[in-house]
Amino acid sequence: MNEVVSALLPWLPMLLKGFALNLWIGALAMLLACMAGVCLGALQRAKSRGLRLGAKLVTQLLRNSPWLVVMFFVMHLLPYEWHVAGVVISLPAWLKAVLALSLPAAGMPRKSCAAPCSRSREPNGKPPPRSATARWASCAM
């Protein structure tokens, strides 16, 4: 047991940095996914038919695509750097990971994070519930 601990001890700072980076990537991906989900939900309630259909198409595409396929495409199809007018813009791997993790999740919260439900009455004829959580739940049904 002491041999294992003594072998891992020199690597502990690097392991802790990797763990912190993992938490940071996860938090950024959740934030980006929620913001994108809210935007998709708002676009699905837009007056323009084209915006509504486009948002619904993107939502369904994101919801029904396997996570590993989306992650593979993002990691391998996005370039690591762009050359724009002689300026090199680099896209680090951690940012590509944030995008890859947030895209499939962006289609999920759109019903619960979107604008409040437009129904004035519940199906049973009663007014909608007052609490925000219950209102979101009634909109998702």
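Predicted model: local features only at pLDDT ≥ 70, side-chain atom pairs only at ≥ 80, totals over all residues.
Helix H5, which covers residues 93-106, has 14 residues and reaches 20 Å from its first C-alpha to its last, close to the 20 Å expected at 1.5 Å a residue.

Several residues of H5 are buried: Lys96, Ala97, Val98, Ala100, Ser102, Pro104, Ala105 and Ala106. The cover over these buried residues includes H2, together with helix H3 (49-64) and helix H4 (67-77).

Ser102 has its place in helix H5. Its relative accessible area is 3%, and because buried means under 20%, Ser102 counts as buried. When residues up to four places away in sequence are not counted, Ser102 touches Ala29, Leu32 and Ala33. The side chain of Ser102 also has a polar atom that lies 3.2 Å from the backbone oxygen of Leu99.

Leu101 is likewise placed in helix H5. With a relative accessibility of 28%, Leu101 is classed as partly exposed, because this value falls between the limit of 20% for buried residues and that of 50% for exposed ones. Apart from its neighbours within four places in sequence, Leu101 is in contact with Ile25, Ala29, Trp67 and Met71.

A nonpolar surface patch of about 830 Å² is formed by Val4, Leu8, Leu9, Trp11, Leu12, Met14, Leu15 and Leu16. Helix H1 (2-8) and helix H2 (12-43) each supply at least two residues of this patch. The most is given by H2, which contributes four residues.

One member of the patch, Leu9, has its place in the loop between H1 and H2. Leu9 has a relative accessible area of 53%, and it counts as exposed because that term applies to values over 50%.

Key:
Residues numbered from 1 in each chain as written. Heavy atoms only, no water. Patch = residues over 30% accessible without salt bridge, like charges linked within 9 Å, V, L, I, M, F, W, Y side chains within 5 Å. Areas by Shrake-Rupley, 256 points an atom, 1.4 Å probe, with all protein chains shown as cover. Salt bridge = Lys/Arg side-chain N within 4 Å of Asp/Glu carboxyl O. Buried < 20%, exposed > 50% of the residue type's maximum accessible area, 1.4 Å probe, protein only. Expected span 1.5 Å × (residues − 1). Contact = heavy atoms within 4.5 Å. Polar contact = N/O pair within 3.5 Å; in protein donor to acceptor, adjacent residues only side chain to side chain.
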